[in-house]
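Have the coordinates open as you read.

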Amino acid sequence: MRPAATAVPFAHAGYKGEALAGALEAVTALIDADPHALAAGGEVHRRSRYRQAARVNWPGLGPVLLKAHRVVKSREGLLSYARSSRAKAEWRAARGLRAAGVAVPEPIAYGERRRGGRLVDAFYVARFLDD
């Protein structure tokens, strides 16, 4: 097993999450630019009413897969009081798999924005792997 890259917690512009230590500045700039707008303007790979995944070229990170999640359904919003976002679950899974030696795209960051404990939106960023 190889050690996971060092991740640091962050809080910026209403988002809280974790990012690789060397990517923190680029991640805060991504938040300032609005993850949802960036994903919509990137090369969209998947889009639904609640989520979109896009390839985005971001200064300091290069080509990344940006997944932006919005919580719109009231049921999902209620459940979010008791559980983590999908973005955080992907972050944890990818870091665990990489630590176990499984070749998965490098997770760079995730962030969640909550209001009164209710999840409002979230994002997940990983290195983009071309086919």
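The model is predicted. A search of the whole structure finds two aromatic pairs. The search for salt bridges returns four.

**Helix H1**
- H1 spans residues 24-32.
- Its buried residues are Ala26, Val27, Thr28, Leu30 and Ile31.
- An α-helix has 3.6 residues a turn, so residues three or four places apart point the same way.

**Aromatic pairs**
- Two such pairs turn up in the whole structure. Tyr15 and Phe123 form an edge-to-face pair, 5.4 Å centre to centre, with 70° between the planes.
- Tyr15 belongs to strand E2 (residues 15-20) and Phe123 to strand E7 (residues 118-127), so this pair ties together parts 108 residues apart in sequence.
- Tyr15 counts as buried because its relative accessibility is 6%. Phe123 is buried too, with a relative accessible area of 0%.
- Trp91 and Tyr110 make a tilted pair, because their ring centres are 5.8 Å apart and their planes stand at 50°.
- That pair links distant parts of the chain: Trp91 is in helix H4 (residues 86-99) and Tyr110 in strand E6 (residues 107-115), 19 residues apart.
- Trp91 is buried at 2% relative accessibility. Tyr110 is buried, with a relative accessible area of 5%.

**Charge over a ring**
- Arg55 places its charged end over the ring of Phe128. The distance to the ring centre is 5.0 Å.

**Salt bridges**
- Among the four salt bridges is the one between Glu90 and Lys67, whose closest N and O atoms are 2.8 Å apart.
- Glu90 lies in helix H4 and Lys67 in strand E5 (residues 62-70), so the bridge ties together parts 23 residues apart in sequence.
- Glu90 is partly exposed at 24% relative accessibility. Lys67 is partly exposed at 22%.
- Glu106 and Arg127 meet through their side chains in a salt bridge, 3.0 Å from N to O.
- This pair also links distant parts of the chain: Glu106 is in the loop between H4 and E6, and Arg127 is in strand E7, 21 residues apart.
- Arg127 is partly exposed, with a relative accessible area of 30%.
- Arg114 bridges to Glu112, with the closest N and O atoms 3.6 Å apart.
- Glu112 is buried, with a relative accessible area of 11%.

Technical notes:
Residues are numbered from 1 along each chain as its sequence is written. This is a predicted model: local features need pLDDT of at least 70, side-chain atom pairs count only at pLDDT 80 or more; totals for chains, interfaces and linings use all residues. Side-chain values use heavy atoms; hydrogens and water are left out. Buried means under 20% relative accessible area, exposed over 50%, partly exposed in between (1.4 Å probe, protein chains only). Helices (H or I, at least four residues) and strands (E, at least two) are DSSP runs, numbered from the N terminus. Rings of Phe, Tyr and Trp (its six-membered ring) pair if their centres lie within 6.5 Å; planes under 30 degrees apart count as stacked, over 60 as edge-to-face and the rest as tilted. A charge sits over a ring if NZ of Lys or CZ of Arg is within 6 Å of the ring centre and within 35 degrees of the ring normal.
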